[in-house]
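User: I have a structure open and could use a quick tour. Can we go through it piece by piece?

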2 protein chains.
Amino acid sequence: MRVKICLIGKGTVGTSFLKLVNIKKEEFEQKFNLEIIVTSIFEHDGALIKENGINLKEVLDAETNFRNLPYWKKNVSAKELIPTLNANICIETTPTNSKTGEPGLSHIIEALNHNMDVVSSNKGPFYIEYEKIINLAEKNGCFVKYEATVASCVPSLGIKENLIGNEILSIKAILNGTSNFILSRMTAEGVNFSLALKEAQELGYAESDPTLDIEGFDAAGKIVILANDILGWSKSIHDVKIEGISKITPHAIDLVKSDGFVIKHLAIAEDNELVVEPRLIDKHSPLNIAGTLNVIELETKYAGSIILMGRGAGGLEAASALLNDLLSIAKQRKFLR
Amino acid sequence: MRVKICLIGKGTVGTSFLKLVNIKKEEFEQKFNLEIIVTSIFEHDGALIKENGINLKEVLDAETNFRNLPYWKKNVSAKELIPTLNANICIETTPTNSKTGEPGLSHIIEALNHNMDVVSSNKGPFYIEYEKIINLAEKNGCFVKYEATVASCVPSLGIKENLIGNEILSIKAILNGTSNFILSRMTAEGVNFSLALKEAQELGYAESDPTLDIEGFDAAGKIVILANDILGWSKSIHDVKIEGISKITPHAIDLVKSDGFVIKHLAIAEDNELVVEPRLIDKHSPLNIAGTLNVIELETKYAGSIILMGRGAGGLEAASALLNDLLSIAKQRKFLR
């Protein structure tokens, strides 16, 4: 069977997705009898469009010059063309406006309105308009999957399928690699916040404007998605009590260290409340992870804690999560052998 | 829809399974339109049998006196009655003989031969005759699931479905809570092996004959199952290079500690080789877990390590894994709404 893909966004994640599909194409054809055809790739200023399938190697080889390819259409937008595309699955990888969720939100709604299934690495739409998206998908009989939005490739959402005989009660997680890197450095080296932030920026872990990470908004968006998807809640980012890490001093870290604790920037979903804030945890807790890793602890009713850990960011990491979602939809749509 | 269950083994895991089904029965009827009916419960010396469904509360209330219930049939065996049972799913929870896999192996084969799907918490059959079981299941169009055999409720096998867009290259794991408890105590308190073992026995973590745990056979069986299921290998426990932990001294632990390492009893599947042996790991490694927890590190091609952690033992823990497998089969058989 053949599945037609519309990819929106050709940044790090979108390009990694094309790379991964290009690598895995033959394997999937042999193993699953599934042919993945990318028929459109949208950027903010136009799109590559080829009804019978874009040659991915050609696009990847062109690198940043992909706009010179003969099937580049200038000044067309995803929103305007989605009704005409006739694709099976829309992959949304644009960067998000954390206030409005746009342009991803409109892309997702437009795709669902035209009976495309949706796979997204773009968080914003889901922490701002979760219910709207899920209800629309249900109404139109579409799948919408977004594993890549939380802890990237770590199957933090998919795992609920493996726990349906149990019951997940609450979630504690570290969902932002940048703030965890900063706290880890402050704890290990005794440096102050500004120095640790500078180091994170030099290593490329923190953006030049690190507000979303260090003030907890990024983690807040992710805990909303986790709670809605895994616990069945209906929250938005406005429901999260958020406190950042910029006021934490080396002195505070030292103080708790002598009692066997560390300070971590936790995202918590418990008792119908969402919180992102610095918390003390035992230094032997599995949540005490160093560096830029993400960790998610699911407290279950019948089996204590189940913990997942892994890289929370990275192009190929997110792309592999997108591809998992794509295959899962293909399987449910019976595209797979 | 109605699913008829034959339960074999009414020890800790079997009884916990009955408890959990009894608790979740109504929820499943409402949520999934699935009615779980247990029609037979086998022990080594007979069985409770009721074609229209056993009252689970009655059996649980009877505790160890269940043999006094009017529908107890003395001296009947699972192997002999399976052909007559007409059940949909056989749940195998008997203790295993680690040399032969019996009696579980015969139960599983007999069930598959009579077109029952199988869910097992019994490891032996799978580390001794993996291929035979899987091939028979495939030939007869049956499902066979065994999440509970490795790290209990931690979805170490089920997670592969969430990683099909990626590629799992190798596995490093701590799969035996007893030996990990002993090493953790030796590391934290500087006590010797015998004392730590005695403590584990007093706390009920180690059996009076702890050989299978401390000599690595239990972990070896589990890494065989993980490698076969997740990496697609075809190994048996005879293919594992096994070394136990009984020769490790406090001196050795101290020596490596000063260089920032700890000694852990790792089970490894890598480069077509299976090994269970004491290994040095960095003290900051996510594999450095204390106590009786289990941990599994999956090295993936496109997203680095993905790590799973949780309780590796316990009645309700294993029962919840059995129930997950049962629901997953019910879903694939379209018993679920």
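This is a predicted model: local features need pLDDT of at least 70, side-chain atom pairs count only at pLDDT 80 or more; totals for chains, interfaces and linings use all residues.

User: Where does Glu273(A) sit?

Analyst: Glu273(A) is in strand 11 of chain A, which covers residues 273–282.

User: Is Glu273(A) buried or exposed?

Analyst: Exposed. Its relative accessibility is 51%, and the cut-off for exposed is over 50%.

User: Switching to chain B. How many residues of strand 10 are buried?

Analyst: Eight of the 10 residues of strand 10 (261–270) of chain B are buried, so the rest of the structure largely encloses that strand.

User: Which strands pair with strand 10 of chain B?

Analyst: Strand 8 (residues 168–174) of chain B is one of them, running antiparallel to strand 10 with three bridges. There, Ile171(B) stands opposite Ala269(B). Strand 11 (residues 273–282) of chain B is also antiparallel to strand 10, with 10 bridges. In that pairing, Phe261(B) has Asp282(B) as its bridge partner.

User: What do strand 10 and strand 11 of chain B form?

Analyst: A hairpin, with two residues between the strands. Asp271(B), in the turn, has a positive phi of about 50°.

User: Back to chain A. What about the faces of strand 3?

Analyst: Both faces of strand 3 (residues 46–49) of chain A are covered. Gly46(A) and Leu48(A) are buried on one side, Ala47(A) and Ile49(A) on the other.

User: Why two sets of side chains?

Analyst: Side chains in a regular strand alternate between the two faces of the sheet.

User: Which strands does strand 3 of chain A pair with?

Analyst: Strand 2 (residues 35–43) of chain A pairs with strand 3 in the antiparallel sense, over four bridges. Phe42(A) and Ala47(A) are bridge partners there.

User: What is the strand order in the seven-strand sheet of chain B?

Analyst: The order is 4-3-2-1-5-6-7, in an open sheet with mixed pairing. Strand 4 (72–74) and strand 7 (144–145) of chain B each have a single partner strand, so one side of each has no neighbour in the sheet.

User: How do strand 1 and strand 2 of chain B pair?

Analyst: In the parallel sense, over seven bridges. Cys6(B) in this pairing has Ser40(B) as its bridge partner.

User: New topic. How many salt bridges over all chains?

Analyst: The count is 36. One of them joins Lys160(A) and Asp229(A), at 2.9 Å from N to O. Lys160(A) is in the loop between strand 7 and strand 8 of chain A and Asp229(A) is in helix 10 of chain A, so the pair ties together parts 69 residues apart in sequence.

User: How exposed are Lys160(A) and Asp229(A)?

Analyst: Lys160(A) is partly exposed, at 27% relative accessible area. Asp229(A) is buried, at 14%.

User: What does Glu277(A) form a salt bridge with?

Analyst: Lys241(A), with the closest N and O atoms 3.1 Å apart. Glu277(A) lies in strand 11 and Lys241(A) in strand 9 of chain A, so this pair links parts 36 residues apart in sequence. Glu277(A) is buried at 11% relative accessible area, whereas Lys241(A) is exposed at 52%.

Key. Residues are numbered from 1 along each chain as its sequence is written. Chains are lettered from A and ligands numbered from 1 in the order in which they are written. Side-chain values use heavy atoms; hydrogens and water are left out. Buried means under 20% relative accessible area, exposed over 50%, partly exposed in between (1.4 Å probe, protein chains only). Two strands pair if DSSP finds at least two bridges between them. A salt bridge is a side-chain nitrogen of Lys or Arg within 4 Å of a carboxyl oxygen of Asp or Glu.
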